[in-house]
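Here is a friendly walk through a protein model. Have a look at the picture, then read on.

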Amino acid sequence: MVDVSSEAKSSATGVTNPYRRTEHCDKIHAYRCDKEVGVIGIDVSKDHLITSRGRVRRYENSKKGYEEILKMKPCTIVLEPTGVYAIRPSQYFKEKGIKVLQVSPNMLSREKEFRGKKTDFYDAEKLENMVNKAKEYDYNPLKELVTLYLFLKDIETKYKNRLKRALFLVNDNDKVNKDRLERLAKGDFTREELYQLEYTPIVLEEIKILAKNLLEIQERLKEVRRMIEGQVPQDHVLLTIPGVGKLAAGIIIGIVGDIRRFPKPESFVAYCGLDPVVERSGRAVISRGISKRGNKYLRSLFYFLAVRNYSRNPTLLKFYETHKDRLKGKKLYVALARKLARVVWSVWYNNRPYEPVGVILVMQK
């Protein structure tokens with residue numbers, strides 16, 4: 001019977017393991033081939049960490065589990081960045097002096113399809129041999145700030161919608177501004193022309209609570225916004241794009257992280273969910289709009305910037321003038337948002353200030 005406590009052994013000819021045959025050593029990163037370096041792949045879930053080696057291969061995703069893994073004295077840990085559940089162990093191991101590498105989920109997914117297997121233990125083993133395709137983990141405080149900002153924006157929207165509903169029940173005016181919010185939060189309804197209905201007292205209490213909470217959320221949003229803008233360097237290349245301010249640049253950077261993971265503008269546009277869906281059958285070509293399968297916050301941001309600032313951006317203005325007769329309404333602004341996403345990718349990926357190539361010459365003609 002195979003001894004389950006056996007671990008992989010390195011040799012001049014390759015790496016062997018009682019469970020499997022792995023890639024030849026010359027195809028694996030230096031970390032994997034060095035006999036003095038212990039590389040461990042970890043498959044992360046909410047409750048457990050599955051390791052690629054060790055006598056026990058299932059650990060709790062908690063401090064207790066992290067300490068048990070540290071007893072194996074790993075020098076390098078390779079894992080998949082599975083959202084929030086991978087952040088804590090990654091940061092914990094990094095602060096303990098362990099080199100933490102992360103493999104792109106898309107890259108790991110392609111490996112799974114090629115092998116035709118899908119188990120947590122197999123994924124951990126596969127991660128161990130993917131150090132040459134992994135990138136070092138780096139904590140990004142801007143990402144956490146952007147996540148908090150977007151969360152607060154969602155709450156603000158929900159409070160506003162609920163407040164408008166409540167105002168409609170007792171008043172003909174459901175408009176919300178700061179002065180009115182401050183009065184409503186204090187329970188001052190003297191300026192309101194209210195319907196005196198059976199449910200009015202209950203709804204007024206709800207309005208008071210909603211107004212007070214909405215004011216507090218808006219103050220927190222201002223604080224987080226200042227913090228985001230403070231994290232964006234003054235000379236960041238995205239700030240050279242007309243219409244893209246510090247807040248917008250901070251949100252883009254916080255969500256995307258490393259633009260190098262998108263080697264082509266099409267992949268970045270698809271990540272934003274702005275890629276067009278086209279169906280072809282024979283000679284028929286049918287457009288189904290955009291996929292909306294990407295990041296909804298980036299998609300909304302680019303759409304908002306395109307609508308508000310297209311006239312300030314020479315590239316977008318030229319695109320607008322060229323296509324305004326063919327595209328109408330929302331379709332035109334979606335196309336402008338997609339164009340802006342491509343501009344953002346080009347400027348950021350090439351790390352060059354924005355230049356309206358060809359626009360000046362066209363306008364002169």
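Predicted model: local features only at pLDDT ≥ 70, side-chain atom pairs only at ≥ 80, totals over all residues.

What follows goes from the whole chain to its sheet, its helix pairs and a few single residues.

Residues are numbered from 1 along each chain as its sequence is written, and side-chain values use heavy atoms, with hydrogens and water left out.

The protein chain has 14 helices and 11 strands. These are DSSP runs, numbered from the N terminus: helices are H or I with at least four residues, and strands are E with at least two. Of the 365 residues in the protein chain, 41% count as buried. Buried here means under 20% relative accessible area, exposed means over 50%, and partly exposed is in between (1.4 Å probe, protein chains only).

How much of the contact in the protein chain, at a separation of 6 or more, comes from residues 24 or more positions apart? The share is 60%, where contact means heavy atoms within 4.5 Å.

## The sheet

Now for the strands. Six of them form an open sheet, in the order E6-E5-E4-E7-E8-E9, and the pairing is mixed. The edges are strand E6 (58-60) and strand E9 (135-136), each of which pairs on one side only. Two strands pair if DSSP finds at least two bridges between them. In general, strands of a sheet pair through backbone hydrogen bonds, either parallel or antiparallel.

Take strand E5 (residues 48-51): E5 and E6 pair in the antiparallel sense over three bridges. Look for Ile50, whose bridge partner in E6 is Arg58. Helix H2 (residues 63-70) packs on the sheet here, touching strand E4 (39-44), E5 and E6, and its direction makes about 135 degrees with that of E6.

## A covered helix

H5 lies across E4, E5, E6 and strand E7 (76-79), running at about 140 degrees to E4. Angles like this run from 0 to 180 degrees between N-to-C directions, and axes are lines fitted to C-alpha atoms, for helices over the stretch in contact.

Is H5 mostly covered or mostly open? Mostly covered: seven of its nine residues are buried. Among the buried residues of H5 are Tyr122, Ala124 and Leu127, along with charged ones such as Asp123 and Lys126.

## Helix pairs

Two packed helices are described by the angle between their axes and the distance between the axes. Helix H6 (residues 141-170) and helix H8 (residues 200-231) pack at about 155 degrees, with axes 8 Å apart. That makes H6 roughly antiparallel to H8, because angles over 145 degrees count as roughly antiparallel, under 35 as roughly parallel, 65 to 115 as roughly perpendicular and the rest as oblique. H6 passes H8 in a left-handed crossing, meaning that the near helix is turned anticlockwise from the far one by less than a right angle (clockwise would be right-handed). The residues of this contact divide into 24 nonpolar, four polar and eight charged. Nonpolar covers Ala, Val, Leu, Ile, Met, Phe, Trp, Tyr, Cys and Pro; charged covers Asp, Glu, Lys and Arg; the others, Gly among them, are polar.

H8 also meets helix H9 (residues 246-256): their axes come within 8 Å and cross at roughly 75 degrees. H8 and H9 are therefore roughly perpendicular to each other. Arg225, Ile228 and Glu229 of H8 make the contact with Lys246, Leu247 and Gly250 of H9. By class, that is two nonpolar, one polar and three charged residues.

Arg183 lies in helix H7 (residues 178-185). Arg183 is buried, because its relative accessible area is 18%. Leaving out residues up to four places away in sequence, Arg183 touches Asp188, Arg191 and Glu192.

Tyr199 sits in the loop between H7 and H8 and is partly exposed, at 34% relative accessible area. Beyond its neighbours within four places in sequence, Tyr199 is in contact with Leu169 and Val170. Glu144 belongs to helix H6 and is partly exposed, with a relative accessible area of 34%. Not counting residues up to four places away in sequence, Glu144 touches Ile87 and Tyr139.
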